[in-house]
Amino acid sequence: MTHRPGPTPATPSLTQRRKAATQLDIARAAAELFTEHGPDGTTAESIALRSGVALRTFYRYFRSKQDAVAPLLAGGADRWRESLAATGPGTPLPAALEGSIAASLTPADEAAAEGLRWTRGLLRASAEDPALRAVWYRVNQESEERLREVLERLAGPGADPLEVRLAAAAATDAIRIALESWAESDAPVEGPGSPAALALRCLRELMGGVALWSTSPDGTDRTDRA
């Protein structure tokens, strides 16, 4: 497998960083209120009040109260793709995907654990709100499209484009299904039944028939080595 470095992202300007910070503050406020009061009991006005911004500022960044949680839901996927893109040269794609997924879904500190719990609350709330559910699906679709670009670089120019596309879809769905299943349970953020454990299980099940998963960098079939 040939790894090619991706383009170096431009450093965000101070204005862009402030905008992103404000959006994240609003997203956290929205997540707290959705978790506490549900979609019907939450308004754009209450989100703006809790996040400390004017209502007009809220609508400058978001079209609806449901749309406000998108930065929070997308943040984990962004960090995961960054971790995957930084994979060391020569790392087999299965190991790269499994390692990055496990790292991204295993909380390194209490703040990360709290982020997972917010996601659980949002996913539970989305069961009652189609618009909130639509935001979740949109975030996953956008993440899958960006993941394809990362996997294309990691897999190298000789990889089958269809296999790369399948891998991106499988990895994205593995995390989505794992988080949804975890949200329906009372399992902890780590250990059996956790997001990381469920995602790795889903990934292996979904990728079982994909050649990129079963073929080693030297072109031999992994299943022949079992």
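**Notes on the predicted model: salt bridges, core and a helix pair**

1. The side chains of Arg-204 and Glu-98 pair up in a salt bridge, at 3.0 Å from N to O (a salt bridge being a side-chain nitrogen of Lys or Arg within 4 Å of a carboxyl oxygen of Asp or Glu). This pair links distant parts of the chain, with Arg-204 in helix α9 and Glu-98 in helix α5, 106 residues apart. Helices here are DSSP runs (H or I, at least four residues), numbered from the N terminus. Arg-204 is partly exposed, at a relative accessible area of 44%; buried means under 20%, exposed over 50%, and partly exposed in between (1.4 Å probe, protein chains only).

2. Before going on, some ground rules: this is a predicted model, where local features need pLDDT of at least 70, side-chain atom pairs count only at pLDDT 80 or more, and totals for chains, interfaces and linings use all residues. Residues are numbered from 1 along each chain as its sequence is written, and side-chain values use heavy atoms, with hydrogens and water left out.

3. There are 12 salt bridges in the structure. One of them joins the side chains of Asp-67 and Arg-138 (2.9 Å, N to O). Asp-67 sits in the loop between α3 (55-61) and α4 and Arg-138 in helix α7, so the two tie together parts 71 residues apart in sequence. Asp-67 counts as buried at 9% relative accessibility, while Arg-138 is partly exposed at 28%.

4. Have a look at helices α6 (residues 110-126) and α7 (residues 130-155): their axes come within 8 Å and cross at roughly 130 degrees. Axes are lines fitted to C-alpha atoms, for helices over the stretch in contact, and angles run from 0 to 180 degrees between N-to-C directions. Leu-122, Leu-123, Ala-125 and Ser-126 of α6 make the contact with Pro-130, Leu-132, Arg-133 and Trp-136 of α7 (contact means heavy atoms within 4.5 Å).

5. Phe-34, in helix α1, is buried at 1% relative accessibility. Its C-alpha atom is separated by 6.6 Å from that of Leu-122, 88 residues apart along the chain. Leaving aside neighbours within four places in sequence, the contacts of Phe-34 include Leu-122, Ala-125 and Leu-132.

6. In the largest nonpolar core, which has 63 residues, Leu-97 and Leu-151 touch the most other members. Such a core is a set of buried Ala, Val, Leu, Ile, Met, Phe, Trp, Tyr and Cys residues joined through side-chain atoms within 4.5 Å.
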